[in-house]
Amino acid sequence: MQTEATLAQADVSELDLVKRCQAGDTEAFDELVTRYRTRIFGMIYNMVHNEQDAWDLAQDSFVKAWRSIKRFRGHSSFYTWIYRIVMNVTIDWLRKKQVKGGSEFDDAIQLKEVDPASKTVPKENALPYETMERSEIRAQIDNAIAQLSPEHRAVILMKEIEEMQYHEIAETLGCSIGTVMSRLFYARKKLQNLLKDVYENI
Amino acid sequence: MRTFEEKWTAWLDGKLSGRELTEFEASLPDKAAAEAEKADAKKLGTLLKREIGTYDLANEEFFSRQLREKIVRESTRRSRKRDSAVATWWTVRRLLWTGTASLAVFLVFAIFVMHDKNPAEQSQYLTQILNARVDSVVSPNATISMFEAKEDRVTVLWTEGLQSLPADYAAK
Amino acid sequence: MGRSLALVVASTALIMSASTKLQGAETVWSGLVIAENVPQPEPIPPELTRIERSLKKLFGYNQFQVIGQSRKTLNTGQEDWLATSKFFGLHVDARGESEAGYVLNLKLYKEKELLLETDTKLSKRSPLVIKGPQIGSGQLLLVLVVQ
């Protein structure tokens with residue numbers, strides 16, 4: 001477990017990396033990417049449910065972050081700052097996809113056919129029945145989340161998965177704390193309605 | 001003043017305390033039902049965390065390499081532009097602003113004018129929302145979405161961000 | 001001959017106008033409702049009894065008061081005002097009838113300002129509730145039910 005001293009040290013070194021990025025050091029940016037790429041990719045995937053799209057959006061987000069790194073003032077943590085870019089990119093993409101009438105998320109179906117040896121499945125050796133049941137549960141959850149608007153999807157994932165505080169979510173999405181809480185109210189009600197059969201059996 | 005939704009969310013997340021907590025719990029029409037719903041919400045949270053959790057990025061190094069190449073290309077392109085002697089009215093800044101303004105106009109129409117919902121997505125016997133919009137001038141931050149409560153077959157058009165009004169507006 | 005022709009034309013017009021009315025002379029009840037939490041809630045209005053459980057569960061309030069209501073038979077192609085109160089008005093443009101229900105364009109006005117607009121297929125089996133703005137410590141709801 002990290003001590004306060006090592007956390008403070010990590011913050012300082014991150015600030016140092018950001019300053020180097022602002023001076024045009026691409027290797028410093030590389031280091032920041034390495035720190036956050038998995039977490040950012042995971043968050044985007046949970047929003048869009050498609051690996052290729054999540055990959056492209058994560059790349060776009062990091063490129064945007066690089067372009068605007070000089071505007072980072074250090075008022076929030078670097079992660080919060082880049083998270084905001086990630087959410088804007090992802091939500092914009094989802095909105096455009098809705099307008100175009102984009103295809104259904106198909107990863108939920110693909111989950112059943114994933115090679116157990118790949119990184120994208122749980123590492124424990126589950127029994128075949130359990131594996132199928134888990135992938136069906138995941139498909140139902142993905143389906144339910146897909147019925148939320150991009151904004152509602154973002155708040156529920158940030159609260160329940162990322163365990164962010166209301167003010168952090170508000171800062172990331174650029175809205176008020178009241179709006180975050182209101183969206184959580186709606187998203188939880190909707191998901192409770194859609195997933196009651198699933199969570200009652202856990 | 002906090003809305004009911006905000007208080008409920010805070011109560012669910014254990015963020016209410018003291019007088020606000022006492023008052024809120026006293027205002028609940030059915031405390032037992034509310035507690036049951038709170039327990040359900042916790043189960044939902046546990047389910048989401050357990051089943052969604054983190055999603056591994058396969059080929060992390062390839063991801064970084066691809067990104068590095070994009071950034072290097074970007075940096076090279078920018079320094080070439082800076083060195084170029086050709087003057088153009090369409091500077092990068094102007095292009096960005098024009099692009100952003102166009103995207104904003106597009107998003108206003110895209111967000112606030114919903115498509116017709118495919119009727120197959122909604123139950124045949126429930127009231128269907130074909131499209132809905134809020135006036136973006138009157139309520140620039142409002143959003144609108146649909147919700148179906150299948151128990152009583154109620155269709156709800158759910159708005160958020162509409163401007164709050166004083167109690168006088170409740171006059172008959 | 002002229003009289004017969006006039007009679008045929010008048011009969012046809014009557015039949016056509018009758019066919020554009022909602023079947024079985026159904027009426028649409030609409031209500032502007034203020035939902036809020038109070039220590040001593042009044043009984044729920046009878047028009048809302050059927051959906052009382054959903055209203056309480058979805059919105060979390062314990063009292064629902066009607067501040068404006070109307071009960072009208074809608075004619076396709078006609079526009080009308082449904083429920084109105086001192087500051088709000090619900091305008092309807094009945095655009096037709098389908099298997100699933102009645103196609104309506106609804107506009108909620110706050111005085112002269114249009115707050116929201118929706119095109120809906122209102123089903124006989126399924127009330128529509130629209131969440132309006134916060135008013136004081138309560139919430140404005142619009143409810144439409146085919147009776």
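Q: Why is A:Phe78 called buried?
A: A residue is called buried under 20% relative accessible area, exposed over 50% and partly exposed in between, with a 1.4 Å probe and protein chains only. A:Phe78 has a relative accessible area of 3%, and is therefore buried. This is a predicted model, in which local features need pLDDT of at least 70 and side-chain atom pairs count only at pLDDT 80 or more, while totals for chains, interfaces and linings use all residues. Residues are numbered from 1 along each chain as its sequence is written, chains are lettered from A and ligands numbered from 1 in the order in which they are written, and side-chain values use heavy atoms, with hydrogens and water left out.

Q: What is A:Phe78 in contact with, leaving aside its neighbours within four places in sequence?
A: Contact means heavy atoms within 4.5 Å. With those neighbours left aside, A:Phe78 is in contact with A:Glu14, A:Val18, A:Leu32, A:Tyr36, A:Ile69 and A:Phe72. A:Phe78 itself is found in helix α4 (residues 78-100) of chain A, where helices (H or I, at least four residues) and strands (E, at least two) are DSSP runs numbered from the N terminus. A:Glu14 lies 64 residues away from A:Phe78 along the chain, yet their C-alpha atoms are separated by 7.7 Å.

Q: What makes β3(B) largely enclosed by the rest of the structure?
A: Seven of the seven residues of β3(B) are buried, and therefore the strand is largely enclosed by the rest of the structure. B:Val154, B:Val156, B:Trp158 and B:Glu160 point one way from β3(B), whereas B:Thr155, B:Leu157 and B:Thr159 point the other way, and all are buried.

Q: How do you know that β2(B) and β3(B) pair, and in which sense?
A: Two strands pair if DSSP finds at least two bridges between them. β2(B) and β3(B) have seven bridges and pair in the antiparallel sense, with B:Ile144 standing opposite B:Thr159 in β3(B). The two strands form a hairpin with four residues between them, and B:Arg153 in the turn has a positive phi of about 60°.

Q: Which strand of chain C is joined to β3(B), and by how many bridges?
A: Three bridges join β3(B) to strand β7 (residues 128-135) of chain C, and these strands run parallel; B:Val156 has C:Val129 as its bridge partner in β7(C). Another pairing between the chains is that of β1(B) with strand β6 (residues 113-122) of chain C, antiparallel over six bridges, where C:Thr118 is the bridge partner of B:Ala132.

Q: What makes the link between C:Glu117 and B:Arg133 a salt bridge?
A: The term asks for a side-chain nitrogen of Lys or Arg within 4 Å of a carboxyl oxygen of Asp or Glu. The closest N and O atoms of C:Glu117 and B:Arg133 are 3.1 Å apart, and the pair forms a salt bridge. The count between chain B and chain C is two salt bridges.

Q: How is the area buried between chain B and chain C described?
A: Buried area is the accessible area (1.4 Å probe) that two parts lose on being put together, summed over both. Between chain B and chain C this area is about 4100 Å², of which carbon and sulfur atoms give 57%. In terms of residues, 43 of chain B are in contact with 47 of chain C.
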